[in-house]
Amino acid sequence: MNESTKEILERPLHGVYRWWGDRVFLAVAVILGISIIALGVTMAWVLFREGSMAINEFGVWGFMKGRVWDPGVNFVFGALPFLFGTLVTSIGALAIAFLPAIAIGIFIAEYAPRWLGGIIENLIHLIAAIPSVVIGIWGIFVFAPWMREKVYMPVFLWASENAPSLLPIIGTPIGYGMTTATIILALMIIPYTTALTRDAIRQVPKEQREAAYALGATKWEVIRMAVLPYARGGILSGAILSFGRAIGETMAVAMLIGNKNTFPFSIFGPAATMPSVIINEFREAVGNLHLSSLMAVGLALFVISLIVNLIAAYIIRKHSITGGQAV
Amino acid sequence: MENKVKTENIKSSAMTTTNEIETTVEKKETSRVRMEAKNLTIKYGTNVAVRNLSMPIYNEKVTALVGPSGCGKTTFLRSLNRMHDLTKSAHITGEVLLDGNDIYDPKVNPVTIRRKIGMVFQKPTPFPTMSIYDNVVAGLKLVGIRDRKLLNEVCEIALTQAALFDEVKDRLNAPGGSLSGGQQQRLSIARALAIKPEVILMDEPTSSLDPKSTMKIEDLIVELKKKYSIVIVTHNLAQAARISDYSAFMYLGDLVEYGKTKKMFQNPEDKRTEEYLTGKFG
């Protein structure tokens, strides 16, 4: 039992254990890290390989610009209807959701007493936690019929009497279509935009607020001159990340958009998005070209989502403010 | 209504200020009491931060608040323009008078008080997304002044008073965050001066600055007291001795000693003051 410190330190086994522990941990960390990158790259590569048949057939731009998606008779595939449907529904959803979400975020972070803010936050998290298929089925049986009854039909009837030339733009008021899907999408992204707005507002340093108060600003003036400008990067990138979610949202949109594959669409009438066409057609895609075209749509969706996320990351970095200094 | 009056005030004072800077008129020999704390007690929850404090703040003088960390000097300073209204747990009893009127009177709007009693913080706080120009005139825009000519004029005057104008006159549209730390602090001072306050509170304004910038701010404070009453919290005793006319030594929430700075630093009455000033604790 009278080992000297020197002896303990020189025990070979001890050193070996330490050495192995380090090595194993490093190896695991490196493998996991690399596999994330590998996963992304492989996914892109597989999508590209599987979609290359369609890309070879129509060309990249020919495919993206093609207005016709005809898997039944002519086997011509163009992604423009879905590209357009995705962008219109997502931009529309963001436009509808943006201001209410920011208002709710400001309310939670600045105005609401703690207990009320907590309740609202939990309710919003609850909306985010509802599976999108549940929102979809609610949309099918409740929201879409209601919209048809209260909004689409009255507008349609008014237009058919007073402005028949608008009818092609308005479209058939079946209840399932672009507008319905857009509104449901807006509802689904509000929680994300709200949460990200709230986080951005909470990160504004106390000093900034106090500086504005010390100039004789009222609460709303403090929010306008000190809080919102400081948080604008976070709010903006939050909006873009929500937009990214809207682009990829599949189930509820596929259930409510009506799934019409030809361009152009009408406002109330059915349409389709990139995710909705993939989920609706992959089971029936018997022809190789059809399957390959779906893969190419998937690749386009992948690239667009990637770009949207990169833009959000860029905005966060560009607008991040450190030590009172805008970088 | 109130805004309009304020606008007129700022307009008229902006017209005359340039002359005043040059000639430094109306230096009063006998100072009058500008603000006064009476039996002021400030609690956070049940924790007493300032206990039964009474002291005057003289017009056109610099009053320094000194004492070890946690003695309540910053808490006291922040009570002078109702900044504690923003802290829910803070509870204040007693009176703070500005020209004889209690600023804690329920009829008084804290926003009006903060326009009359400006504040400069420990860390420079320019609004990072605003230009230098917009930072300076931010307070004026709040009261609804949009007249470009007037804003330009006040901006130049305030920056000149803050000894910053020559350094930034060619880049007024650069972001406020692009300045050095010392310049940012002078910008914060210019922003406080632009709304023509009557009293300026400074909470350790030089503690995050290098010696050179500190000296510039100290010179500035001595210059500013010709027109304003200044209350400054400082950890730096030499600074208090250099720039203040009156000093208050606080310890554990109590005002231990108050008097002319010269007298207090040379011949303190209380033993605790003497021990603190000679570095026995702190």
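**Two chains and the contact between them**

Chain B and chain A bury about 2,000 Å² between them, 65% of it on carbon and sulfur atoms; buried area is the accessible area (1.4 Å probe) that two parts lose on being put together, summed over both. This is a predicted model, in which local features need pLDDT of at least 70 and side-chain atom pairs count only at pLDDT 80 or more, while totals for chains, interfaces and linings use all residues. Residues are numbered from 1 along each chain as its sequence is written, chains are lettered from A and ligands numbered from 1 in the order in which they are written, and side-chain values use heavy atoms, with hydrogens and water left out.

Chain B gives 25 residues to the contact and chain A gives 21 residues, where contact means heavy atoms within 4.5 Å. Two salt bridges are counted between chain B and chain A; a salt bridge is a side-chain nitrogen of Lys or Arg within 4 Å of a carboxyl oxygen of Asp or Glu. Arg78(B) forms a salt bridge with Glu210(A), and their closest N and O atoms are 2.6 Å apart. On the side of chain B that touches chain A, the elements that give two or more residues are helix H3 (110-116), strand E6 (117-120), helix H4 (132-142) and helix H7 (181-194) of chain B. Helices (H or I, at least four residues) and strands (E, at least two) are DSSP runs, numbered from the N terminus.

Within chain B, an open sheet of four strands has the order E2-E1-E4-E5, with antiparallel pairing; two strands pair if DSSP finds at least two bridges between them. Strand E2 (47-58) and strand E5 (101-102) of chain B stand at the edges, each with a single partner strand, so one side of each is left without a neighbour in the sheet. Strand E1 (residues 33-44) of chain B pairs with E2(B) in the antiparallel sense over eight bridges. Along this pairing, Val33(B) stands opposite Tyr58(B), and Glu36(B) stands opposite Pro56(B). E1(B) and E2(B) form a hairpin with two residues between them, and Gly45(B) in the turn has a positive phi of about 65°.

Over all chains, the structure holds 11 aromatic pairs. Rings of Phe, Tyr and Trp (its six-membered ring) pair if their centres lie within 6.5 Å; planes under 30 degrees apart count as stacked, over 60 as edge-to-face and the rest as tilted. The rings of Phe58(A) and Phe77(A) have centres 6.4 Å apart and planes at 70°, so this pair is edge-to-face.
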